[in-house]
Amino acid sequence: MSSPEVVRTPDVLDGEPRLAGTGVAVLEVWSYVRKLEWSHEETARQLSLSEAQIRAAVDYCEANPEEIAAVREARREREAAMADDLDI
């Protein structure tokens, strides 16, 4: 699913889907709303976004579960590589 509110650019957030005009990853927004159970209003206030942007991010994640799963896996791989580099 494509959304004009959500963009991907290789040089921002390692190409993860984010809200257009921001550096906020849609997965971060989804996590606040679905995992931490923040309201759209609270999430918007905390991230300095509009409630429409919060809805767009959550809707995007829920409409694209395979893509979001790939983003999560890529994050895990980057974190593991960083840990290896730091010898943690």
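Let me start with a definition: the expected span of a helix is 1.5 Å times one less than its number of residues. One more, for the labels: helices (H or I, at least four residues) and strands (E, at least two) are DSSP runs, numbered from the N terminus. With that in hand, look at helix H4: it has 22 residues and reaches 31 Å from its first C-alpha to its last, close to the 32 Å expected at 1.5 Å a residue.

Before going on, a word on what is on the screen. This is a predicted model, where local features need pLDDT of at least 70 and side-chain atom pairs count only at pLDDT 80 or more, while totals for chains, interfaces and linings use all residues. Residues are numbered from 1 along each chain as its sequence is written, and side-chain values use heavy atoms, with hydrogens and water left out.

Let's stay with H4 for a moment. Which of its residues are buried? They are Glu67, Ile68, Val71 and Arg75, where buried means under 20% relative accessible area, exposed over 50%, and partly exposed in between, with a 1.4 Å probe and protein chains only. Seen down the axis of H4, these buried residues fall within an arc of 95°, so they line one face of the helix; the arc is that of the directions from the helix axis to the C-beta atoms. H1 and H3 are among what covers them. Over on the other side of H4, Glu66 and Asp84 are exposed. Following H4 comes Asp87, with a positive phi near 60°.

Now to the core. In soluble globular proteins, nonpolar side chains tend to be buried together. A nonpolar core here is a set of buried Ala, Val, Leu, Ile, Met, Phe, Trp, Tyr and Cys residues joined through side-chain atoms within 4.5 Å. The largest one in this model has 17 residues, and those with the most contacts inside it are Val26, Val29, Leu49, Ile54 and Val58. Helix H1 (26-35), helix H3 (51-63) and helix H4 (65-86) each give two or more residues to this core. Take Val58 as an example: leaving aside its neighbours within four places in sequence, Val58 is in contact (heavy atoms within 4.5 Å) with Val29, Trp30, Val33 and Arg34.

That brings us to H1. Its buried residues are Val26, Leu27, Val29, Trp30 and Val33. Down the axis of H1 they fall within an arc of 155°, so they too line one face of their helix. What do the buried residues of H1 pack against? The partners are strand S1 (6-7), strand S2 (18-19), helix H2 (40-47), H3 and H4. Also in H1 is Lys35, and this residue counts as exposed, at 59% relative accessibility.

Next, two spots in the loops. Most residues other than glycine have a negative phi, and most peptide bonds are trans. Glu37, in the loop between H1 and H2, has a positive phi near 60° and counts as exposed at 66% relative accessibility. Asp14, in the loop between S1 and S2, has a positive phi near 55°.

Asp14 also leads us to the charged pairs. A salt bridge is a side-chain nitrogen of Lys or Arg within 4 Å of a carboxyl oxygen of Asp or Glu, and the structure holds nine of them. In one of these, Asp14 pairs with Arg78, the closest N and O atoms being 3.0 Å apart. Asp14 counts as exposed at 55% relative accessibility, and Arg78 as partly exposed at 29%. Both belong to a network of salt bridges that links Asp14, Glu16, Glu28, Arg75 and Arg78.

Another salt bridge joins Glu67 and Arg8, with closest N and O atoms 2.4 Å apart. Glu67 lies in H4 and Arg8 in the loop between S1 and S2, so the pair ties together parts that are 59 residues apart in sequence.

Last stop, the aromatic rings. Rings of Phe, Tyr and Trp (its six-membered ring) pair if their centres lie within 6.5 Å; planes under 30 degrees apart count as stacked, over 60 as edge-to-face and the rest as tilted. How many aromatic pairs does that rule give? The count comes to one. Tyr32 and Trp38 have ring centres 4.6 Å apart and planes at 10°, so the pair is stacked. Tyr32 is partly exposed at 25% relative accessibility, and Trp38 is partly exposed at 30%.
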